[in-house]
Amino acid sequence: MSGHGSPIRMTSRKGGPLSGRAEVPGDKSISHRALILGALSVGQTQISGLLEGQDVLDTAKAMRAFGATVTRTDEGEWTVEGVGVGGFAEPADVIDCGNSGTGVRLIMGCMATSPITATFTGDASLRKRPMGRVTDPLSLFGARSYGRAGGRLPMTVIGAAEPVPVTYTTPMASAQVKSAVLLAGLNAPGQTVVIEKTPTRDHTERMLRGFGAEVTVEATPEGNRITLTGQPELKAQKVAVPRDPSSAAFPVCAALLVPGSDILVPGVSQNPTRNGLFLTLREMGADIEFLNEREEGGEPVADLRVRHSALTGIEVPPERAASQIDEYPVLAALAACATGTTVMRGVHELRVKESDRIAAMARGLEACGVRVEEDDDTLIVHGLGADGVPGGATVATHIDHRIAMSFLILGLVSQQPISVDDGSPIATSFPVFEDLMRQLGATITRD
Ligand SMILES: O=C(O)C1=C[C@@H](OP(=O)(O)O)[C@@H](O)[C@H](O)C1
Ligand SMILES: C=C(OP(=O)(O)O)C(=O)O
């Protein structure tokens, strides 16, 4: 049974300014996709800068179970010897995707149009998350699935022996759903179409093109219409993974909050489907310079110079939600130290992440002395100003890496230290978080 190791209680407290370079690891979304598309290609894909977080390591293990050869060199490069589109073997055992929604949903997509059966599970957090959002469209290709009530893991997917192509409008803004449909479409004859009302991260489309698939994107009144031509031969590639903007968010917000700080965060992806937080922070008054803007691995990147700033609460435009969806927890923590109120609407999707992130942030902030309001789709944080957050609480993280990191950042400026009951899930996305923050000068300890 998939588990979750012993809890690691962690505490952060006030200290001096942060300075230096924060070299955050590779992008998690791109890392999953590089392994998956490598496995679906012919030849040897070479990946540099892969995020070696547990979520991605679980995807690497899954790709081996479907027949790909995945290896790591001593220099930290990864290679994937692929089996080609339609070449997946039936795994001999249950596929355990750990804590990763991206891993399980994308992998379900890419096996659903092959005549094989696979059973998926995950940790206690992933087993609570809805899978119907991917198995519903996968059934249109001819796949069948059997899971627990509410479309929960463990779940068995029986791939379609004679898949048909699909046209599907995603009912929620989700790159995981979009990607699952496109990956399933790879092994269906003809054209598979995904229509999304709100644009979501486009790494699957970019990388599919990079591996040789034909993918077109057309803006229509209904939203983006993405068309994939099925059964291409994907060719192995060299992939350079840019640094993860969702991980960069933590040192960036820490530097904005801690007086006197001045840090450089190099090589961070600035893909417009991912950069919402940086726009929001600037509107709040953040001093962030975007230096040396360039292209790396098919993605726009920049070096961010971030200095301590006085911040003001804002109303975050709801149409920006998809482009900063994973950054709301740390934004909520930062908003607690702004002057005035920060209103975050259109954020219902946060309720079905590793935890219910609206509830987890609201309860944690309240425990730290911050007034919040929430409804199904909204989180409102009443800022207490730069030195105003009392802290002095232990916050429940609910097996959610981003909740843990967000409160450890808040503890760097609250009047009393803040503890999290379990920092172990941080290793799913940002295994070097503690070391990196300590090197910048932050005081974060394991109790
Ligand atoms: O496709 C991806 O790589 C991701 C999509 C997002 O999830 P949704 O598709 O559920 O919005 C995001 O929250 C997740 O961290 C990564
Ligand atoms: C939501 C996240 O990941 P996933 O859905 O892949 O578990 C995240 O990393 O914040």
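The legends below describe several close-up views of one predicted model.

Residues are numbered from 1 along each chain as its sequence is written, while chains are lettered from A and ligands numbered from 1 in the order in which they are written. Since this is a predicted model, local features need pLDDT of at least 70 and side-chain atom pairs count only at pLDDT 80 or more, whereas totals for chains, interfaces and linings use all residues.

**View 1**
The domain assignment gives domain 1 (10-26 + 242-446) and domain 2 (28-238), where domain bounds come from an automatic or database domain assignment. The centres of the two domains, taken over C-alpha atoms, are separated by 29 Å. The contact takes 22 residues from domain 1 and 27 residues from domain 2, and two residues are in contact if their C-beta atoms, placed from the backbone, lie within 7 Å. On the side of domain 1 that touches domain 2 there are 9 nonpolar, 7 polar and 6 charged residues; here Ala, Val, Leu, Ile, Met, Phe, Trp, Tyr, Cys and Pro count as nonpolar, Asp, Glu, Lys and Arg as charged, and the others, Gly among them, as polar. The UniProt record (unreviewed entry) places the feature "domain: Enolpyruvate transferase" at residues 13-435, with positions in the numbering used here, feature names shortened, and annotations that may be inferred rather than shown by experiment.

**View 1**

**View 2. The shell of residues around ligand 2.**
Around ligand 2 stand Ser100, Gly101, Thr102, Asp326, Lys353, Glu354, Arg402 and Ser429. This shell divides into no nonpolar, 4 polar and 4 charged residues. Ligand 2 also lies between domain 1 and domain 2, because both give residues to its shell.

In H5, 11 of the 11 residues are buried, so the helix is largely enclosed by the rest of the structure; a residue is buried if 20 or more other C-beta atoms lie within 10 Å of its own, exposed if 12 or fewer, and partly exposed in between, with C-beta atoms placed from the backbone. What covers these buried residues includes H3, helix H4 (132-140), strand S10 (167-169), strand S11 (191-196), helix H6 (203-210) and S13. One residue of H5 is Gln176, which is buried, with 24 other C-beta atoms within 10 Å. Leaving aside neighbours within four places in sequence, Gln176 is in contact with Gly101, Thr102, Arg105 and Leu106.

The UniProt annotation "binding site" (unreviewed entry) covers Lys28, Gly101, Arg129, Gln176, Arg357 and Arg402. Lys28 lies in helix H1 (residues 28-39) and counts as buried, because it has 25 C-beta neighbours inside 10 Å. Apart from neighbours within four places in sequence, Lys28 is in contact with Leu51, Gly53, Asp55, Val56, Asp244, Ser246 and Ser429.

**View 6**
Strand S12 (residues 215-220) and strand S13 (residues 223-229) run antiparallel and are joined by 6 bridges, where two strands pair if DSSP finds at least two bridges between them. A hairpin joins S12 to S13 through 2 residues, and Val217 stands opposite Ile226 in S13. Elsewhere, 4 strands form an open sheet with mixed pairing, in the order S22-S23-S1-S24. The edge strands, each pairing on one side only, are strand S22 (394-395) and strand S24 (443-446). Within this sheet, 3 bridges join strand S1 (residues 10-13) to strand S23 (residues 418-420), and these two run antiparallel; the bridge partner of Ser12 in S23 is Ile418.

Conventions: A residue is near a molecule or strand if its C-beta atom, placed from the backbone, lies within 6 Å of it.
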